[in-house]
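Me: I am new to this structure and would like to go through its side-chain contacts. Could we start with the charged ones?
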Amino acid sequence: QVTLVESGGGLVRPGDSLRLSCAASGRTFTFSNYAMGWFRQAPGKEREFVGSVPYSTGTSVYADSVKGRFTISRNDANKMMYLQMGSLEPEDTAVYYCAAGLQSTVSVRSPRKYSYWGQGTQVTISS
């Protein structure tokens with residue numbers, strides 16, 4: 001059993017920064033074997049890819065809409081992943097989900113890659 005728990009969401013103003021965390025747990029869960037990703041879903045919209053860090057020494061990948069503003073990092077020893085968000089815009093308002101999937105040929109941008117999902121954390125950008 002694998003559990004992912006997001007935290008750090010909240011209400012901030014445009015231009016502010018926010019850091020989300022994702023804590024992974026599971027007795028047989030080897031964190032370093034998994035690609036980790038962030039997705040988000042705004043009201044009335046489909047879940048969309050935000051970014052991914054395939055493994056601790058891999059190159060992070062970002063959606064064009066967040067590139068240059070968001071940074072993903074992971075700490076395999078602590079089974080944690082982070083999403084540092086900067087220059088936040090109202091369009092970034094969404095529920096943010098972390099996800100874990102085994103290394104495979106499926107694109108990290110596809111939700112199909114990920115077997116495990118967190119419950120989500122709400123991020124609201126408003127003045």
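Me: Which residue does Arg69 meet in a salt bridge?
Reply: In this predicted model, the side chain of Arg69 meets that of Glu89 in a salt bridge, at 4.0 Å from N to O. The pair links distant parts of the chain, 20 residues apart. Arg69 is in the loop between strand S6 (61-62) and strand S7 (70-75), and Glu89 is in the loop between S8 and S9.

Me: Is Arg69 buried or exposed?
Reply: Arg69 is buried, with a relative accessible area of 15%. Glu89 is partly exposed, its relative accessible area being 33%.

Me: What is the N to O distance for Arg40 and Asp92?
Reply: The side chains of Arg40 and Asp92 form a salt bridge with an N to O distance of 2.9 Å. Arg40 belongs to strand S4 (residues 34-41), while Asp92 is in the loop between strand S8 (80-85) and strand S9 (94-102), so this pair ties together parts 52 residues apart in sequence.

Me: And why do those two count as buried?
Reply: Arg40 counts as buried because its relative accessibility is 5%, and Asp92 because its value is 1%. The cut-off for buried is under 20%.

Me: How many salt bridges are there in the whole structure?
Reply: A search of the whole structure finds 6. One of them joins Asp76 and Arg74, with the closest N and O atoms 2.8 Å apart. Both Asp76 and Arg74 are buried.

Me: Changing topic: how many aromatic pairs does the structure hold?
Reply: The structure holds 8 aromatic pairs. Among them is the pair of Phe39 and Tyr114, which is edge-to-face, with 5.3 Å centre to centre and 80° between the planes.

Me: Where do Phe39 and Tyr114 lie?
Reply: Phe39 lies in strand S4 and Tyr114 in the loop between S9 and strand S10 (116-117), so the pair ties together parts that are 75 residues apart in sequence. Phe39 and Tyr114 are both buried.

Me: Which residues form one aromatic cluster?
Reply: The cluster is formed by Phe29, Phe31, Tyr34 and Tyr116.

Me: Last one: what lies over the face of Tyr97?
Reply: Arg47 lies over that face, at 3.8 Å from the ring centre. The charged end of Arg47 also sits over the ring of Trp117, 4.8 Å from the centre of that ring.

Definitions and conventions: Residues are numbered from 1 along each chain as its sequence is written. This is a predicted model: local features need pLDDT of at least 70, side-chain atom pairs count only at pLDDT 80 or more; totals for chains, interfaces and linings use all residues. Side-chain values use heavy atoms; hydrogens and water are left out. Helices (H or I, at least four residues) and strands (E, at least two) are DSSP runs, numbered from the N terminus. Buried means under 20% relative accessible area, exposed over 50%, partly exposed in between (1.4 Å probe, protein chains only). Rings of Phe, Tyr and Trp (its six-membered ring) pair if their centres lie within 6.5 Å; planes under 30 degrees apart count as stacked, over 60 as edge-to-face and the rest as tilted. A charge sits over a ring if NZ of Lys or CZ of Arg is within 6 Å of the ring centre and within 35 degrees of the ring normal.
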